[in-house]
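Please walk through this two-chain model with the structure open beside you.

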Amino acid sequence: MTLGAESGPPKIPLLRDPRFRALVIQVALCAALAWIAYELEEEVRANLVRNHLSSGFGFWSQPAGFDISQALIDYSSSASTYGRAFWVGLVNTLVVAAIGIVLATIVGFVAGIAQLSSNWLVARLAAGYVQLIRNIPLLLQLLFWYNAVLKTLPGFRDSIALWGGGYLNNRGLYLPAPDLNGNGLPIFAAFCLGLVGAIVLAMLARRQRLGVGLAAGAGLVLVLGLPFAAFVATGATFAFEYPEMSRFNLRGGLEVLPEFVALLAGLVIYTGAFIAETVRAGLMAVPRGQTEAAQALGLSRLLTLRRVIVPQAMRVIIPPLTSQYLNLTKNSSLAVAIGYPDLVQIFTGTVLNQTGNAVEIVAITMAVYLVISLVTSFAMNIYNARMALAER
Amino acid sequence: MRRLVTVCALAGVVLTLATAASGSTLDDIKKRGTLNCGANGQLPGFGIPDSQGNWTGLDVDLCRALAAAIFNDPNKVKFVALTAKDRFTALQSGDVDVLARNTTWTSSRDTQLGLNATAVNYFDGQGFIVRKDLKLNSALELNDATVCVQQGTTTELNLADYFRANKMRLKSVTYLQVDEAVGAYDSGRCNAYTTDASGLYGVRLKLAKPDDHVVLPEIISKEPLAPFVRHGDDQWFDIVKWVHFAMVNAEELGITKANVDEHLKSDNPDVKRLLGTEGNFGEQLGLTKDWAHRVLKHVGNYGEVFERDVGQGSPLKITRGLNALWTKGGIMYAPPVR
């Protein structure tokens with residue numbers, strides 16, 4: 001034992017020990033960073049006080065007093081607070097981002113696959129779409145959709161009547177809304193429950209290697225049966241509420257604002273072009289031999305794509321796809337240019353202007369976008385892990 | 001160790017930036033050689049540049065008057081076009097020295113935002129403009145209407161208040177810029193556009209067919225428009241206030257751009273004090289003795305500016321109304337120079 005200790009490496013002076021030096025430098029760096037953060041915070045506080053600017057989060061529960069054109073949760077200018085206005089804006093942001101992500105994925109996959117099509121026209125059209133859209137700033141595209149396309153629709157008196165009782169005019173799209181005389185919530189809850197049940201069932205069936213048909217049938221029963229049971233149980237009646245012409249506007253029904261449509265169209269078409277390139281790159285990363293092998297086995301073109309190419313391509317596609325989703329969510333803040341009431345427009349717009357609490361409001365907004373992005377990344381990472389090559 | 005030194009140096013830079021010097025506003029302006037004036041940029045009559053980039057308007061002329069008082073040159077102004085939403089932040093952060101952008105004086109802006117309203121340079125009120133073919137006689141008939149409005153304004157709040165108080169249903173669409181809101185109204189996105197009555201006349205000129213639109217008679221709010229300055233610099237606050245007062249006092253005393261030099265020989269003590277031929281009131285403000293003479297020589301009195309920018313000499317043709325001098329049936333009134 002003693003022999004081992006003597007033959008060990010010669011003692012190095014503490015100051016020349018690389019591990020010790022690294023430790024000292026890192027501790028010092030952390031301390032310096034903490035000190036800078038502290039000094040900045042103190043400085044901001046002192047500046048706010050010196051300029052007699054209000055600070056703190058007291059504004060959150062004060063009445064807002066302004067109107068919001070699209071509120072999916074209860075909101076009124078008289079009774080709601082700035083805090084409520086924040087939630088309205090957040091919901092509006094999440095709605096446009098969620099629908100945008102789904103549609104952009106579809107557009108992107110279709111265009112990405114079409115770019116590799118053996119049909120010359122389809123491939124050129126898809127490539128043209130990608131090149132044109134990718135190279136024009138998103139803000140310009142939003143302004144184009146809003147000002148050049150949607151504003152040229154007829155005024156509400158000359159609304160285009162749609163099949164089934166809907167209307168389209170330059171104030172938006174008006175559709176008949178299902179009216180369940182106030183029992184919508186339990187029925188919707190039952191539908192969600194059925195949907196979750198069906199998904200669980202499908203996963204179980206897959207694990208047990210049961211037939212797909214059985215699970216699909218049972219799932220369908222759950223998805224349709226549960227809401228119907230709720231419908232009967234609550235004694236609801238079903239009718240459509242149709243939009244009607246009033247003096248100034250169409251009243252009633254489901255209203256989709258042109259600002260929303262313009263923002264959604266802009267985001268989907270713009271992000272779709274980037275996703276198309278990602279998908280193309282992913283598909284091209286799958287070795288040609290895979291296609292040839294599948295064809296040798298006699299698989300059809302569609303089946304080759306679905307069962308052989310895309311599953312392998314997904315491993316390449318998912319990481320850049322995640323950043324496109326994040327981009328879409330963050331780009332939705334350009335809503336401010338066309339008057340769609342998203343989080344930035346309402347919260348860092350009107351609320352900041354009225355309360356003057358710039359530091360707090362901008363910090364909250366940044367934190368919200370950070371959280372949305374981190375959650376999206378987290379979900380996509382889980383999906384990525386599931387799709388990764390299973391190595392045995 | 002070198003990394004640590006870099007970090008410390010960086011920290012030093014950041015801290016110096018954070019503690020940006022906050023001396024006297026007047027000294028800063030003199031050192032810089034120009035006055036930074038936050039203006040509207042899209043509102044005819046109050047602040048708008050023409051095709052050659054020359055700014056005109058009632059608020060613009062106040063900034064020119066300030067530059068004349070400080071530099072004896074009304075052109076030493078840099079105009080910064082600000083949206084309604086961003087205007088206060090620009091003033092708070094020191095991007096502009098004075099905010100002359102048809103801004104309503106309210107208690108929260110005076111306190112919570114850390115600003116001071118100086119003196120009212122236009123007494124306004126909010127109104128509505130609608131299409132003639134709707135055949136409306138009153139804003140009270142607007143129940144269920146869609147109204148376009150600019151974001152970050154008292155207008156936005158008054159609109160919600162007015163509809164609520166009169167138990168009417170409102171659909172409002174808010175835009176960042178005046179031009180976007182007006183464009184949306186013009187394209188039929190909204191039934192009505194609302195802003196200060198003075199603004200409605202200017203907006204009407206921007207519409208495709210101005211004669212198809214009518215301003216409704218109701219004035220639904222008090223909108224005293226005033227230039228704003230930051231809290232904490234009383235000298236600068238006084239200067240902005242008194243340059244405006246000097247122009248109002250000059251109108252009352254009959255001193256105009258044309259005859260200001262003749263008035264230098266006047267025996268009237270009020271005229272002598274204003275023009276600096278007696279006393280040193282300009283020096284008390286931190287300016288020169290002839291401060292008001294400079295303002296009047298280069299820009300003119302309040303009445304002249306009003307007629308030139310928004311009154312009979314302008315396309316807006318707004319009558320003086322509340323903005324007439326207190327001696328002529330209005331409420332425009334200035335404290336005496338003495």
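Which residue of β5(B) does B:Cys37 stand opposite? B:Cys37 stands opposite B:Val98. The model is predicted: local features need pLDDT of at least 70, side-chain atom pairs count only at pLDDT 80 or more, and totals for chains, interfaces and linings use all residues. Residues are numbered from 1 along each chain as its sequence is written, while chains are lettered from A and ligands numbered from 1 in the order in which they are written.

Stay with chain B. Helices (H or I, at least four residues) and strands (E, at least two) are DSSP runs, numbered from the N terminus. Two strands pair if DSSP finds at least two bridges between them. Strand β1(B) covers residues 35-39. β1(B) pairs with β5(B), residues 98-99, in the parallel sense over 2 bridges.

Is β1(B) enclosed or open? A residue is buried if 20 or more other C-beta atoms lie within 10 Å of its own, exposed if 12 or fewer, and partly exposed in between; C-beta atoms are placed from the backbone. In β1(B), 5 of the 5 residues are buried, so the strand is largely enclosed by the rest of the structure. Both faces are covered. B:Leu35, B:Cys37 and B:Ala39 lie on one side, with B:Asn36 and B:Gly38 on the other.

Next, find B:Tyr122 in strand β7(B), residues 122-124. B:Tyr122 counts as buried because it has 23 C-beta neighbours inside 10 Å. Two residues are in contact if their C-beta atoms, placed from the backbone, lie within 7 Å. Leaving aside neighbours within four places in sequence, B:Tyr122 is in contact with B:Leu58, B:Ser198, B:Leu225 and B:Asn323. B:Thr327 is 205 residues from B:Tyr122 in sequence and 16 Å away in space, C-alpha to C-alpha.

An automatic or database domain assignment supplies the domain bounds. Chain A is divided into domain 1 (82-167 + 260-387) and domain 2 (177-241). The C-alpha centres of these domains lie 28 Å apart.

Look at helix α5(A), residues 138-149. The expected span of a helix is 1.5 Å times one less than its number of residues. A:Leu142, A:Trp145 and A:Tyr146 are buried. They cover an arc of only 85° around the axis, which puts them on the same side of α5(A). That arc is taken from the directions from the helix axis to the C-beta atoms. A:Leu140 and A:Ala148, on the other side, are exposed. The buried residues of α5(A) pack against α8(A), residues 258-285.

Chain A also has an open sheet of 4 strands in the order β1-β2-β3-β8, with antiparallel pairing. β1(A) (160-161) and β8(A) (254-256) stand at the edges, each with a single partner strand, so one side of each is left without a neighbour in the sheet. β1(A) is joined to β2(A), residues 167-169, by 2 bridges. A:Ala161 stands opposite A:Tyr167 there.

Finally, turn to where the chains meet. The contact takes 37 residues from chain A and 42 residues from chain B. On the chain A side, α2(A) (18-50) and α11(A) (343-355) each supply at least two residues. α2(A) gives the most, with 9 residues.
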